[in-house]
Amino acid sequence: MPHPRQETLNHPDALDCTVYRPDEQDPDAEEQDLGDAKVLITGAFETPVDWDAHQREDYFGEEDPTHFVTAHTSWPRAATTWPCRPVWTRW
């Protein structure tokens with residue numbers, strides 16, 4: 001569910017961050033810098049109910065699933081190529 005951009009930017013618990021996007025075609029390429037933003041962690045990540053054990057293992061790999069969260073990311077200036085939307089991230 002989308003979170004209003006300004007609400008994320010103004011939220012007292014929102015954290016400052018810099019967002020990078022990896023090159024999905026070339027893992028050795030330099031990441032694209034998407035700029036400074038605010039991230040609001042809204043809770044623990046919950047896997048979709050239709051994921052089986054293999055899909056969960058593939059997604060989390062060696063990482064502890066409790067380290068994954070659901071968050072909203074917003075940029076101070078309007079972004080045209082990276083909209084504010086819920087994201088799943090590892091913290």
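Among contacts in the protein (heavy atoms within 4.5 Å) between residues at least 6 apart in sequence, 57% join residues that are at least 24 apart. The structure is a predicted model, in which local features need pLDDT of at least 70 and side-chain atom pairs count only at pLDDT 80 or more, whereas totals for chains, interfaces and linings use all residues. Residues are numbered from 1 along each chain as its sequence is written, and side-chain values use heavy atoms, with hydrogens and water left out.

The secondary structure consists of 2 helices and 4 strands, where helices (H or I, at least four residues) and strands (E, at least two) are DSSP runs, numbered from the N terminus. Read from the N terminus on, these elements follow the order α-β-β-α-β-β.

The accessible surface, computed by the Shrake-Rupley method with a 1.4 Å probe, amounts to about 7000 Å², and 49% of this area belongs to carbon and sulfur atoms. Of the 91 residues, 26% count as buried; buried means under 20% relative accessible area, exposed means over 50%, and partly exposed lies in between (1.4 Å probe, protein chains only).

The count of salt bridges, each defined as a side-chain nitrogen of Lys or Arg within 4 Å of a carboxyl oxygen of Asp or Glu, comes to 1. This salt bridge is formed by Lys38 and Asp16, whose closest N and O atoms are 2.9 Å apart. The pair links distant parts of the chain, since Lys38 lies in strand S2 (residues 32-44) and Asp16 in strand S1 (residues 15-21), 22 residues apart. Lys38 is partly exposed, with a relative accessible area of 22%, while Asp16 is exposed, with a relative accessible area of 64%.
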